[in-house]
Amino acid sequence: MDLTWADAVPAYRRHHELSRGGGDAGGHRWALDRVEDAVRDGDLPVDVLDAMVRDPDGDAEYLAHLAAGPLEDLLAHHTDAYADAFTERCAADPRWVEALGGVWLEAATWDRLPAALQRIVPEPCRRVPAAPGPHPRAGRSRLSPAVVEG
């Protein structure tokens with residue numbers, strides 16, 4: 001059987017639905033494997049991603065799954081190959097904006113996004129330098145007995 005991306009898109013969503021509902025998603029595992037392999041290799045077609053994001057049977061939880069999975073991984077590991085295409089999709093479709101609003105990236109990756117995409121993908125927290133001096137609880141364990149004034 002020669003399964004296409006057109007077969008994989010609904011099967012991938014169905015795998016997600018069955019997995020979260022405690023059902024047997026094994027019959028759709030091939031779609032998950034195919035998407036994960038393409039994400040790892042950086043060759044998942046943007047048209048396939050578009051079909052996944054715009055899937056009329058996909059609910060908000062599925063969109064969040066796409067954000068935390070394929071979309072985030074592609075931006076994190078293949079930024080230059082996907083950032084411009086994602087920016088274009090966001091300009092044309094609010095579901096893309098919703099999906100990419102759930103992506104979390106490291107600061108160095110987020111800094112490389114086009115400005116238009118930076119307005120959509122949440123900016124990561126940046127480390128704030130610690131105040132000088134000892135930590136306020138230095139030398140005291142959480143299990144240390146409380147000091148009782150008498």
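Modeller: What follows goes from the whole chain to single residues.

Biologist: How do you know what kind of structure this is?

Modeller: This is a predicted model. The protein chain has eight helices and zero strands. Along the sequence the pattern reads α-α-α-α-α-α-α-α.

Biologist: How much of the protein chain counts as buried, and what is the cut-off?

Modeller: Buried means under 20% relative accessible area. Of the 150 residues, 36% count as buried. The chain exposes about 9300 Å², and carbon and sulfur atoms supply 53% of that.

Biologist: What share of the contacts joins residues 24 or more positions apart?

Modeller: Among contacts with a separation of 6 or more, the share is 59%.

Biologist: How do you describe the way H1 and H3 cross?

Modeller: Helix packing is described by the angle and the distance between the axes. The axes of helix H1 (residues 5-20) and helix H3 (residues 46-53) come within 10 Å. They cross at roughly 35°. The crossing is right-handed.

Biologist: Which residues meet there, and what classes do they fall into?

Modeller: From H1 come Trp-5, Val-9 and Tyr-12; from H3 come Val-48, Ala-51 and Met-52. Trp, Val, Tyr, Ala and Met are on the nonpolar list. Therefore the contact counts six nonpolar residues, with no polar and no charged ones.

Biologist: Why is the pair Asp-37 and Arg-40 called a salt bridge?

Modeller: The cut-off is 4 Å between a side-chain nitrogen of Lys or Arg and a carboxyl oxygen of Asp or Glu. The closest N and O atoms of Asp-37 and Arg-40 are 3.1 Å apart. That is within the cut-off, so the pair is a salt bridge. Both residues lie in helix H2 (residues 29-41), three residues apart, about one turn of the helix.

Biologist: What makes Arg-89 and Asp-47 a tie between separate parts of the sequence?

Modeller: Arg-89 forms a salt bridge with Asp-47, with the closest N and O atoms 3.0 Å apart. Arg-89 lies in helix H5 (residues 79-92) and Asp-47 in helix H3, so the pair ties together parts 42 residues apart in sequence. Arg-89 counts as partly exposed at 21% relative accessibility. Asp-47 counts as exposed at 57%.

Biologist: Is Asp-50 buried or exposed, and how do you know?

Modeller: Asp-50 has a relative accessible area of 12%. That is under 20%, so Asp-50 is buried. The closest N and O atoms of Arg-54 and Asp-50 are 3.3 Å apart.

Biologist: Which residues form a network, and what makes it one?

Modeller: Arg-13, Arg-14, Glu-17, Asp-55 and Asp-57 are joined by salt bridges that share partners. The structure holds 15 salt bridges.

Biologist: What does Ala-76 touch beyond its sequence neighbours?

Modeller: Leu-105 and Thr-109, leaving out residues up to four places away in sequence. Ala-76 lies in helix H4 (residues 60-77). At 29% relative accessibility, Ala-76 counts as partly exposed. The C-alpha atoms of Ala-76 and Trp-104 are separated by 8.9 Å, although the two are 28 residues apart along the chain.

Terms used
Residues numbered from 1 in each chain as written. Predicted model: local features only at pLDDT ≥ 70, side-chain atom pairs only at ≥ 80, totals over all residues. Heavy atoms only, no water. Axes fitted to C-alpha atoms, helices over the stretch in contact; angles between N-to-C directions. Helix = DSSP H or I, 4+ residues; strand = E, 2+ residues; numbered from the N terminus. Left-handed = near helix turned anticlockwise from the far one by under 90°. Contact = heavy atoms within 4.5 Å. Buried < 20%, exposed > 50% of the residue type's maximum accessible area, 1.4 Å probe, protein only. Areas by Shrake-Rupley, 256 points an atom, 1.4 Å probe, with all protein chains shown as cover.
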